[in-house]
Each structure stands twice: as C-alpha cells, then as structure tokens.
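Thank you all for coming; I would like to walk you slowly through one model today. Please have a look at it first, and then I will go through it part by part.

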Amino acid sequence: MKIFCKKIRALVLLGVIALFDGCADDDSQEVVLYPDSSLIQGLYPNDYAQNDSAAANLAHGITLSVHPKATYQLSFDVDPSFEPPKLQLFRIVFNKDSTDVWAHMVRSLEPVVANGRYIYSFVCEENANAIWATSLLQDDTYYQGRVSNIRFTGDGAYSENFSINLILVGNIEEELDSFTVSELSTSLLQEFRKHYSSVTIDTLYINRAEEHPTLGSKYPANKPWLAGYSSEDTFLSELGGWPGIENALDIVLVHRINNENILGYSKLFSGNLGKGYGSTVVLGTHLKTIIGEEPISMKDIVETGLHETGHFFGLRHTTATLADIETVYKGYDFGDYSNLEDGLDDTPNCNKTSISSLKTIQSTDIFKPRTMQRIRIADNSSFKADNCPDASNYMFPVTVQNQTLSFSPQQLEIIRKNLTIFPH
Ligand SMILES: [Zn+2]
C-alpha cells in the first residue's frame, strides 16, 4: 500500500498563511489533490452572476457554501480537448482564531455529461452550515481544461415558511419621526407578505434588546444606538437567534448606521436563520449625512428591510456598484469584474447607460467581502437613477423616489430555494 502525502501552503479568505496537511491511503488508487489556490474565490448556491473568476480557479480551489441535507449540482461547459475531470470536495475547518485552516476530503465525484456540460451532483451531510473547497483531478494532477459558464445550484430540505423578529435597540421608540413602532411593524409585515410572494411569512415578533434575557444590560434603552460605533459588531450578531424564536429572521433596528448615507446592512447569502455570524439584517431609523443626520421615512425603512433581506437570501444588486465587486486585500483587488449584474434574464440592468457613474459609488468602509448595503446618493450626483431600467426593482442598489418596487419571478424563485437551504 502506497501512501500519498500532500503539504500545501495556502492563503485563505481571512488572509492568513496556513498549511494543509494530509495523507491518504492508496486503496482506491486515487490521488487526493488538495486545493492549492488562495481560496479567495467562492460560490454560494443559486447565484446566476457570471462568476468567471470562480470558474478560472475551480480546478485549484474555490469555496462552496453548503448546508445540512441540501442537494447540490456544480456544472460547467465540457472542454472537448480534455478528458472529464473528477471533482474532489474538501471540508474546510478553521482553528479558533482563524490563523490555521485544514482541509479534509469528503467527496470524489465523476461527472455526468448532458447538453455539453459536466454535472457533478452531491448531498451535503454536514450537521451545520459549512464551507467546502474544490479541486479538479485528471491524470493525478490539476485539470488543465477550460472551465467556463460555471453554475452552482441547490435545493434544500427545509420549509418555505419563516418568521421575522424585529429587534429594537436603544431608544428607538422615542426618536421615531411621525410614526409608531406598531405602524412600522404592521407595514413591514404587510409589505413582506405582499412582495415575498414565493414564500410564507408566519409571524412578525417585536422584541427589545434591553429585555434580552442574557444580553439586555449591554443595550441601554435610554440612548441612541449607532451600529458600527456603539459596539464593535455593526451587525449586532449576538442578538440573532433570539431565545424562544431561534430560527426567525432577525431584523435589528437601530438609531442609525454609523457610515454616511447607508440605510441598511446585510450579508450577501448570509445562510444563517439561526444565531451568530450572519444571522442579522441591520436597519436604521436615521441616516448619517455629511452634516449630521436626518430621519428616514417609514416607507424607506420598510423598503430597505425588503432590500436587505433580498441580499440575506442571496440576491445580488441588479446592477453592481464598485463596492459590490471590489475585494481588496494587501493592496490587490481580488474582485470578480465579470459580475457587473445579477445574471438573471428577467431583471434589466443599468450597465450600458450608467455603469461609469455607478462604479464611482463606494461605501466609506467595506469591511468584509460580500457585505451589502443600501445607500442614498446625493441629489447633485452625476448618477441619475431614473435613467436605469432596473430602478423599480427592489435590488437596485440605491434609493429612488417615485418608484413602485417589486421583485422579478426569478428573484422570487431564488428566495424560495435558498430559504429551503437555510436550516430553520
Ligand atoms: Zn443592496
């Protein structure tokens, strides 16, 4: 019996240098080909953007976001100059402070060929949300064929229902401008039920952070909460997974987000309806401006809630801004500039008319890749939203006046599919 050993040095997402150490018995006569890329590129399910950078790195390693009991298909075009490669999948595990990462092989898959595409199917049998990584194996080494038109789709095992938990932080109620919490929550539930029409919203709960059974004392009710200033975690992730309603979507309402012109924050494909990292969407009742702050109307808060929740369930902006794409690390931009729009057939985009202007829109602080925000741009900006055919879509990146917003059928189908993937 021969033993194959690999030791691979890799730069991972969090920017640390790590070693993958691994050995495999040769009973199966198959080399275990560990990822040797930076693992900066990744895919989450049911994202239809172009993702050319992920395609280019698939053979040497990209990450895949996977969830318990979900079934997945990874596919790409056949390159007739090469034999079909095997797809090897690895569970990626970080140590406690994310300074090291280990890869453990969980699958080695042969493709099915259909309509000129390689299709690899698998079920995720993890107990919790996980990150897997890839390699493509051919003749005991990395596949050298062209990988194009990559697609990662998934179907989940969970219900098409969810509840919303609106968490009020700080002195929200005394600072609201011309509406009450009751009116806001009624409108929020009504609009969610109207526009998230591919899924069912069971209940909207209202909770106050100061009444949290274990964390309440950290969230005083007598002063405004500024997300990104009042505590280190802009997302207030520890409030997600509220006791008793652990699997509701947690929408955290604070006085304001402490970045100029940002109405709301969420993580693209958060993947987490439970607790901890990625479990919250953040909204403000006020907007930080260059000269101070201003109140946000109830309509804008509700629309921002629906927009941010769209990101939470994996929807991209219909037209990308520079801030969406740019992923700078140590002076290098690893962003995938093929993703100028969401890739959906039924959402128009604004690239032809205004991309040069949209590309100039940058948030003041993008502190994590795939963090998405809804922004308001100044009246005197050269960018005119009204010129964009997607200005009436909920996932247009900036607020617009006098538009009735909606989701497209394809967007609603992504929301439904990804809801069933997120454990709840
Ligand atoms: Zn957004």
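Before anything else, a word on exposure: a residue is called buried under 20% relative accessible area, exposed over 50% and partly exposed in between, with a 1.4 Å probe and protein chains only. What you see is a predicted model, in which local features need pLDDT of at least 70 and side-chain atom pairs count only at pLDDT 80 or more, while totals for chains, interfaces and linings use all residues. Residues are numbered from 1 along each chain as its sequence is written, and side-chain values use heavy atoms, with hydrogens and water left out.

Let me begin with confidence, where pLDDT is the predictor's confidence in each residue, from 0 to 100. The protein chain has a mean pLDDT of 86, and 85% of its residues reach 70 or more. Over residues 1-26, however, pLDDT stays under 50, although the model has 75 contacts beyond four places in sequence for them, a contact being heavy atoms within 4.5 Å. Residues 362-370 also stay under 50, with 24 such contacts. Where pLDDT is low, the predicted coordinates should not be read in detail.

Now to the sheet. Helices (H or I, at least four residues) and strands (E, at least two) are DSSP runs, numbered from the N terminus, and two strands pair if DSSP finds at least two bridges between them. In which order do the four strands of the open sheet stand? The order is β8-β9-β5-β12, and the pairing is antiparallel. At the edges stand β8, residues 112-114, and β12, residues 151-155, each with a single partner strand, so one side of each is left without a neighbour in the sheet. Neighbouring strands of this sheet are turned against each other by 25 degrees on average, direction ignored; axes here are lines fitted to C-alpha atoms, for helices over the stretch in contact, and angles run from 0 to 180 degrees between N-to-C directions.

Strand β5, which covers residues 71-77, pairs with β12 in the antiparallel sense over five bridges, and with β9, again antiparallel, over seven bridges. If you follow the β12 pairing, you will find S75 opposite R151 and L74 opposite F152, whereas towards β9 it is Y72 that stands opposite F122. Helix α7, residues 409-421, packs on the sheet, touching β5 and β12, and its direction makes about 65 degrees with that of β12.

Apart from its neighbours within four places in sequence, V113 is in contact with V78 and Y118. From V113 to S75 there are 38 residues in sequence and 9.4 Å in space, C-alpha to C-alpha.

Let us turn to the metal. Which residues coordinate the zinc ion? They are H307, H311 and H317, each through NE2, at 1.9 to 2.1 Å; donors are N, O and S atoms within 2.8 Å of the metal (3.2 Å for Na, K and Ca), and since water is not among the atoms, sites may look incomplete. The donor residues are spaced H-x3-H-x5-H in sequence. H307 lies in helix α4, residues 298-312, and H317 in the loop between α4 and α5, residues 322-325, so the pair ties together parts that are 10 residues apart in sequence. Both H307 and H317 are buried.

Finally, the salt bridges, each being a side-chain nitrogen of Lys or Arg within 4 Å of a carboxyl oxygen of Asp or Glu. By this rule the count comes to 13. One of them joins E126 to R91, with the closest N and O atoms 2.7 Å apart. E126 lies in the loop between β9 and β10 and R91 in strand β6, so the pair ties together parts that are 35 residues apart in sequence. E126 counts as buried, at 14% relative accessibility, while R91 is partly exposed, at 29%.

E413 counts as partly exposed, at 32% relative accessibility. Elsewhere, salt bridges that share partners join E30, K86 and E110 into one network.
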